[in-house]
Amino acid sequence: MPFRLVSPAHWPTWLLMAIAFFVVRLPIHYQFWLGRLIGNLFQRIGGRRARIAAQNIDLCFPDLSVQEKQRLLKQVFASTGIAVMETAYTWLRPIDALLPRVQFQGLEVLETAVNEGKGVLLVGAHFAVLDLGGAFLAAHFDFDCISRTSRNSVIDYISLRRRNSLYGRVIERSDMRATVRQLRQSRTIWYAADQDNGRRHSVFAPFFGIPAATINVTSRLAKISGSPVIFMSHFRNELDCSWSVRLRRITDYPTGDEIADATLMNQVIEREILTDPSQYLWVHRRFKTMPDGTRKY
């Protein structure tokens, strides 16, 4: 461990990690219960993320009543709290005990794509079950992932150490040369395609009817490499403490038009979100860059 990570400034984070180490060894239904409490607390405290989630719901679900939006917002924070527990589990404990609780759909789709020998673009989105969903698939397939550095160096150290043990290679988000190189070596690369990375790396395409900055890297990589594109989504079932991981191939992609490609990708993501809107991370700023230069947050 780097010496810089044991300074007093990092002690609170290490204390939380120590508590989490024991909490994730509780029965899973207790972890879900505790996660809901954490989510409810986050919502009550409010702050910037609560406002962002409320604004996102207002923008994307304008037809819901005020009461329905409030109910969805509460469900979103409960789900986000459970996601905190799931992420801690992924980082701090082997996932073997959870694998019997996972149902996979479309493993053969990914296997077929891998066997084509052109590399695979395994595209995901920021569903609540993110790190755990990736870990579930990594128990069946060898693939790389794209990640970005965290602002918290302790969290970054723990998460990167775990991801390095789960995946073949962890690629920094800005290192597109490494991404292309891995695809040319027939590697499968997993990353999320639903964040607003600004104008420089995006085109504007509708997301729930709103022009949203959408990364164009998927379209460009697919065109350069000829790699098939597989979309992965993952959800939890709170009733029986189980999960599902779904894989589907995006056909007729790329089209040769980056805006059309971005629109198609956003439609795929929307359709999966509507499976359970509460299990999407609405707390992130999906609409921070707008075509006219205005800001939603």
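Modeller: A charge sits over a ring if NZ of Lys or CZ of Arg is within 6 Å of the ring centre and within 35 degrees of the ring normal. This is a predicted model: local features need pLDDT of at least 70, side-chain atom pairs count only at pLDDT 80 or more, and totals for chains, interfaces and linings use all residues. Residues are numbered from 1 along each chain as its sequence is written, and side-chain values use heavy atoms, leaving out hydrogens and water.

Biologist: What makes Arg-286 a charge over the ring of Phe-207?

Modeller: Arg-286 lies over the face of Phe-207, 5.1 Å from the ring centre. The limit is 6 Å, so the distance passes. Arg-25 is placed over Phe-21 too, with its charged end 3.8 Å from the ring centre.

Biologist: Why is the pair of Phe-143 and Tyr-167 called tilted?

Modeller: Rings of Phe, Tyr and Trp (its six-membered ring) pair if their centres lie within 6.5 Å; planes under 30 degrees apart count as stacked, over 60 as edge-to-face, and the rest as tilted. By this rule there are 15 aromatic pairs. For Phe-143 and Tyr-167, the centres are 5.1 Å apart and the planes make 45°, so the pair is tilted. The pair links distant parts of the chain, 24 residues apart: Phe-143 is in the loop between H6 and E3, Tyr-167 in the loop between H7 and E4. Those labels are DSSP runs, numbered from the N terminus: helices (H or I, at least four residues) and strands (E, at least two).

Biologist: Which residues do ring pairs link into a cluster?

Modeller: Phe-61, Phe-127, Phe-207, Phe-208, Phe-231, Phe-235, Tyr-280, Trp-282 and Phe-287.

Biologist: What does the side chain of Gln-279 reach?

Modeller: The backbone nitrogen of Arg-236, at 2.9 Å. A polar contact is a pair of N or O atoms within 3.5 Å; within protein, one must be able to donate a hydrogen and the other to accept it, and residues adjacent in sequence count only if both atoms are side-chain atoms.

Biologist: How do you know that the length of H10 agrees with a helix?

Modeller: The expected span is 1.5 Å times one less than the number of residues. H10 has 16 residues, so it should span 22 Å, and its end C-alpha atoms are 22 Å apart. H4, with 27 residues, should span 39 Å, and its ends are 39 Å apart, which agrees. At the start of H10, a side-chain oxygen of Asp-257 comes within 2.9 Å of the backbone nitrogen of Ile-259.

Biologist: What makes H6 mostly covered?

Modeller: Eight of its eight residues are buried. In H4, the count is 19 of 27.

Biologist: Which residues have the most contacts inside the largest nonpolar core?

Modeller: A nonpolar core is a set of buried Ala, Val, Leu, Ile, Met, Phe, Trp, Tyr and Cys residues joined through side-chain atoms within 4.5 Å. The largest has 43 residues, with Tyr-191, Phe-207, Phe-231, Met-265 and Trp-282 making the most contacts inside. Apart from it lies another core of 39 residues, including Met-17 and Trp-190.

Conventions
Buried means under 20% relative accessible area, exposed over 50%, partly exposed in between (1.4 Å probe, protein chains only).
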